[in-house]
Amino acid sequence: MTKKKFSGKKFVKGLLIGGIVGGSAALLLAPRSGKDTRKKIQDEIDDTLQLIMDIKTSADDVQVNTRQLQSLTETLIPEFIDGTEKSIERFKFKSKYRLEDIKNQLAKIETEITDFSNSINE
C-alpha cells in the first residue's frame, strides 16, 4: 500500500470546487430571492437595533428613577422618623397623667369596694 502525499494545491482546488458547488446549490435551492433574503436580514438587524435602543432607554429610565427614589427617601425618612419620635413623646407625656388618673380612680374604687364590703359584713 502506498502512502498518499498531502498536497496544498489539491486541498485548495477541492476547497474552491466545494465552495462553488455549495454556493450554487444554496442559490438554486433557496426558498426566496436574494433581494428578499437581504431585506429579511436588514429587517432583522433593524428590529434588533431597535430592541437594543429600547433596552438602553429603559435602563436609563431605571437609573433616573432610582436616583429620584434615593433622593426622596433621604429627604422623607428623616422627617418621618422625627415626626414619629415627636408623636411618641407627646403620647408618653399625655399618657403619663392619664395613667396617674387611672391609678387614682382604681384606688378610689378599691376603697369604696372595701368600705361597701365592710358595711355589708356588719
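Helices here are DSSP runs of H or I with at least four residues, numbered from the N terminus, and I kept this in mind while looking through the structure, which is a predicted model.

**Entry on Lys86 and Asp82.** I looked up this pair and found that the two side chains meet in a salt bridge, with 3.4 Å from N to O. Because Lys86 and Asp82 are 4 residues apart in helix 2, about one helical turn separates them. I then checked their cover: Lys86 is partly exposed at a relative accessible area of 47%, and Asp82 is also counted as partly exposed, at 36%.

**Entry on the other pairs.** The count of salt bridges comes to 3, so I noted, as a reminder, that side chains of opposite charge can pair when their charged atoms come close. Lys56 and Asp60 form a salt bridge at 3.1 Å, N to O, and both residues lie in helix 2, 4 residues apart, or about one turn of the helix. Asp60 is partly exposed, with a relative accessible area of 33%, while Lys56 is partly exposed at 47%. Asp43 is partly exposed, its relative accessible area being 33%.

**Entry on a nonpolar patch.** I turned to the surface, where Leu99, Ile102, Leu106, Ile109 and Ile113 form a nonpolar patch with about 470 Å² of accessible area together. Ile113 belongs to helix 2, which covers residues 34–121. Because exposed means over 50% relative accessible area, Ile113 at 53% is exposed.

Conventions:
Residues numbered from 1 in each chain as written. Predicted model: local features only at pLDDT ≥ 70, side-chain atom pairs only at ≥ 80, totals over all residues. Heavy atoms only, no water. Patch = residues over 30% accessible without salt bridge, like charges linked within 9 Å, V, L, I, M, F, W, Y side chains within 5 Å. Areas by Shrake-Rupley, 256 points an atom, 1.4 Å probe, with all protein chains shown as cover. Salt bridge = Lys/Arg side-chain N within 4 Å of Asp/Glu carboxyl O. Helix = DSSP H or I, 4+ residues; strand = E, 2+ residues; numbered from the N terminus. Buried < 20%, exposed > 50% of the residue type's maximum accessible area, 1.4 Å probe, protein only.
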